[in-house]
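Subject: Structure for you to look over, with notes

Dear colleague,

I am passing on the structure below, together with my notes on what turned up in it. Please read the notes with the coordinates open beside them.

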Amino acid sequence: MLTARGEESDRILGLELGADDYIVKPFSPRELVARVKSVLRRVQGLSAAASRAGQEVIRLGEIELDPRARTVSVEGRQVELTVREFELLLFLMRNPSTVFRRDELLEHVWGYTFGGTPTVTVHVQRLRRKIERDPENPARIATVWGVGYRFDP
C-alpha cells in the first residue's frame with residue numbers, strides 16, 4: 001500500500017485490510033526498489049523451497065494444510081486465507097513448536113530483513129481469528145512473551 005497517511009492507526013488498518021506492506025509518502029525511491037526486490041526474492045525463494053520441500057499435505061492437530069491446492073481446513077471446515085496468511089501458517093506448521101521472533105517471521109515469510117514487525121503482529125491476529133476456537137486465548141499460535149510466536153500442534 002502506498003499512501004500519504006502515516007499515522008499508526010492508518011498503517012494498522014491498511015495491514016488489517018489485507019495489505020502486505022505499507023509505504024508512506026514521501027518515500028525514498030531506493031527503499032521502494034529494495035522492497036520490490038525483496039518481494040521478488042521471497043517469491044522466487046518460496047517457489048524453490050516449495051519444490052525442495054515437496055507439496056505434501058501437513059496435518060497437525062485439527063488443522064490440515066495442502067500446499068499444492070493452497071487449502072486449509074480446521075476441524076473439517078474450509079478456511080479462506082489471504083496469500084500472506086497462508087504463507088505464515090505454512091511456515092509455522094512446517095516448523096511446529098519452534099519459537100520465531102517477529103523479525104525472523106518477517107524475513108522468512110515476507111522476505112524483508114528490516115522494519116515492519118507490526119505487520120507480523122497484525123497478520124498473526126487475523127490468522128488467529130480464522131483458525132482458533134477462541135482467538136482471545138489462542139491454543140494453536142501461541143505468543144511467547146518477549147520473544148515471538150510458535151505453532152503448537
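How far does the backbone nitrogen of Arg140 lie from a polar atom of the side chain of Glu132? The separation is 2.8 Å.

Before going further, please note that this is a predicted model, in which local features need pLDDT of at least 70 and side-chain atom pairs count only at pLDDT 80 or more, whereas totals for chains, interfaces and linings use all residues. Residues are numbered from 1 along each chain as its sequence is written, and side-chain values use heavy atoms, with hydrogens and water left out.

To stay with Glu132, this residue lies in the loop between helix H5 (117–131) and strand S8 (141–144), where helices (H or I, at least four residues) and strands (E, at least two) are DSSP runs numbered from the N terminus. Glu132 is buried yet has no salt bridge, and the nearest side chain of opposite charge, that of Arg140, is 4.7 Å away. Here buried means under 20% relative accessible area, exposed means over 50%, and partly exposed is in between (1.4 Å probe, protein chains only). A salt bridge is a side-chain nitrogen of Lys or Arg within 4 Å of a carboxyl oxygen of Asp or Glu, and for charge Lys and Arg count as positive and Asp and Glu as negative, while His and the chain ends are not counted.

The loop between H5 and S8 also holds Asp134, which is partly exposed with a relative accessible area of 34%. The side chain of Asp134 is joined to that of Asn137 by a polar contact of 2.8 Å; such a contact is a pair of N or O atoms within 3.5 Å, where within protein one must be able to donate a hydrogen and the other to accept it, and residues adjacent in sequence count only if both atoms are side-chain atoms. From C-alpha to C-alpha, Asp134 and Asp152 are 15 Å apart in space and 18 residues apart in sequence.

Now to the charged pairs. The structure holds twelve salt bridges, among them one between the side chains of Glu62 and Arg133 (2.6 Å, N to O). Because Glu62 lies in the loop between strand S3 (58–60) and strand S4 (63–66) and Arg133 in the loop between H5 and S8, this pair ties together parts that are 71 residues apart in sequence. Glu62 is partly exposed at 39% relative accessibility, whereas Arg133 is exposed at 62%. A network of salt bridges links Glu62, Glu75, Arg133 and Arg140.

Another salt bridge is formed by Glu85 and Lys130, whose closest N and O atoms are 2.7 Å apart. Since Glu85 lies in helix H3 (residues 83–94) and Lys130 in helix H5, this pair ties together parts that are 45 residues apart in sequence. Glu85 counts as buried, at 0% relative accessibility, while Lys130 is partly exposed at 26%. The side chains of Glu104 and Arg101 also meet in a salt bridge (3.5 Å, N to O), with Glu104 partly exposed at 24% and Arg101 partly exposed at 40%.

As for helix H4 (residues 102–110), its buried residues are Leu105, Leu106, Val109 and Trp110. They cover an arc of only 105° around the axis, which puts them on the same side of H4; the arc is that of the directions from the helix axis to the C-beta atoms. Just after H4, Gly111 takes a positive phi of about 85°.

Some points of backbone geometry may also deserve a look. Phi is near 55°, a positive value in a residue other than glycine, both for Arg70 and for Glu75. Arg70 is placed in the loop between S4 and strand S5 (71–74), and Glu75 in the loop between S5 and strand S6 (77–79); Arg70 is partly exposed at 40%, and Glu75 is partly exposed at 42%. The peptide bond from Lys25 to Pro26 is cis, with omega near -10°, and Pro26 is found in the loop between strand S2 (23–24) and H2.

With kind regards
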